[in-house]
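This report is an introduction for a reader meeting the structure for the first time.

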Amino acid sequence: MSRPAWVVPTSFGCAIAGVGVSVYLTIAHYTSPTVLACSSSGVVNCERVTTSAQSQVAGIPVALLGLVWFLAMAGLCSPWAWRSPAPWIRVVRQVAVWTAMVFVLWLVYAELFVIRAICLWCTVVHVLAFALFVIVLLYGSEAAGSEP
Amino acid sequence: MTNRTAQKKQQSSKAKPTKGRPTPKQQKGGRQRSQYPWFAIGAVVVIVFVMVGLSVYNHVRTPATPGSSGSAKVIAAVTSVPASALDTVGAGQGVSPPTAIASGAPEVTSGGKPEVLYIGAEYCPYCAAQRWPVVVALSRFGTFSGLGLTTSSSTDVFPSTPTLTFHGSTYASDVIAFSGVETNTNQLAATGTGYEALDTLTPEQQQLLQTYDAPPYTSPAGSIPFLLIGNRYVITGSSFHPDVLQGKTWRQIASALSDPSSPIAKNVLGSANMMTAAICELTGGQPSNVCTAPGVTAAAATLPSA
């Protein structure tokens, strides 16, 4: 089956957008959470989420982990990578989206049941990661040369 | 079905399509796609919907009273106070500093991590006050599970002060260990003397109590609440005056913590910053975003030296 024309620009665009939002969250982590354009009271509370104990994993800020992941995905979803016949790219792309989706589910659980607040910017990141998950699962297992 | 018929059927299903006339499979989009991606995507969507549904269900439940599910809102607010409120309050107002332990004291650890030990009782009004900043401070280093709400005794000074209880709770952190012991409930004992017994001290906790809840660190010996921050600091009694919490509900106290201009925030968050600064000495400044926060560094300046 041929890969639809929108797959390459959409996946690359999602990864680049993810890099942008992750940079924003990483800056907020290292400076002040108040730089985030987001509510800091009620259920939607970016500050509460980004300063929670769950905002770090083994001392590494989750925002930084997200930035590294989106940078990797930008490479793996670049037009060059989609054109490449190298099988390892497809394997790494699959592993990357699965890893990210498990992590996203854990973060959503932490927001809803541990921190009890939602971070809008984190949700944007989750949606972008989910979009990449869907694209890679549906179209990422085909070799570049398999199109008719 | 005979073998011959079966072979014919197999051949016809493998047969290449005739020119210009696609097979039904081709019309659907060529070679058949595995169903696995759709199952995976569907599973993720279902998991998210279930989590959101459960969360909404929890959110609309009853208001905060001890033992009710509504207490979750209060506990959530206390365990995730906005960093901006903590930074604005800084060293706070009316906060009593801890007592420094002389250098060279044996390390106080649990599971290989420096330990913070709280010993108190549910009936005790000063313990009721002290638990608020203890929970705020420790939540910056890890996560509590199973915290509950209670009040101090209705017949003691500062009667029925709203508070949390460590009884039945657990705490997980990468950098410190915490033990919270509530020796008695807030219910008078059937014997008519004292309050019903609750948690029991381990021999190690008993030893720490005898060593540090006594002169020269405190007088009289055996006062509660007792808070031991590793082998660095001891706090006996509450770090601020319980009067500030009088007449308030759990929810009012929890809400006030987000308002750095409120007297409750100045007392509770000021105490929490002081405890956080003391704990940061145990963790070697980890997590860095907590230990270098302006509120914590301001409170660190008020800590006594050994």
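## A helix of chain A

Helix α5 of chain A is followed by A:Arg116, whose phi is positive, near 60 degrees; helices (H or I, at least four residues) and strands (E, at least two) are DSSP runs, numbered from the N terminus. This is a predicted model, in which local features need pLDDT of at least 70, side-chain atom pairs count only at pLDDT 80 or more, and totals for chains, interfaces and linings use all residues. Residues are numbered from 1 along each chain as its sequence is written, while chains are lettered from A and ligands numbered from 1 in the order in which they are written.

Chain A has 6 helices and 2 strands, which follow the pattern α-α-β-β-α-α-α-α when read along the sequence. Buried residues make up 45% of its 148 residues. In chain B there are 11 helices and 12 strands, and 41% of the 306 residues count as buried.

Chain B has a mean pLDDT of 85, with 85% of its residues reaching 70 or more; pLDDT is the predictor's confidence in each residue, from 0 to 100. Over residues 1-31 of chain B, however, the pLDDT is below 50, and beyond near neighbours in sequence this stretch has 9 contacts in the model, where a contact means that the C-beta atoms of two residues, placed from the backbone, lie within 7 Å. For the complex, the predictor gives an ipTM of 0.83 and a pTM of 0.59.

## Where the chains meet

The contact between the chains takes 28 residues from chain A and 27 residues from chain B. On the side of chain A that touches chain B, the elements giving two or more residues are α2 (46-50), α5 and α6 (120-139) of chain A, and the largest share, 8 residues, comes from α5(A). The residues on this side of chain A divide into 17 nonpolar, 8 polar and 3 charged; Ala, Val, Leu, Ile, Met, Phe, Trp, Tyr, Cys and Pro count as nonpolar, Asp, Glu, Lys and Arg as charged, and the others, Gly among them, as polar.

## The nonpolar cores

The largest nonpolar core has 76 residues, and those with the most contacts inside it are B:Val78, B:Leu257, B:Leu269 and B:Ile279; such a core is a set of buried Ala, Val, Leu, Ile, Met, Phe, Trp, Tyr and Cys residues joined through C-beta atoms within 7 Å. Helix α9 (residues 263-283) of chain B gives the most to this core, with 11 residues. A second, separate core of 43 residues includes A:Val49, A:Phe70, A:Trp82 and A:Cys122.

Within helix α9 of chain B lies B:Ala265, which is buried, with 26 other C-beta atoms within 10 Å. Leaving out residues up to four places away in sequence, B:Ala265 touches partners including B:Ala85, B:Val89 and B:Leu257. B:Ala265 and B:Val89 are 176 residues apart in sequence, yet 7.2 Å apart in space, C-alpha to C-alpha.

Terms used: Buried ≥ 20, exposed ≤ 12 C-beta atoms within 10 Å, placed from the backbone.
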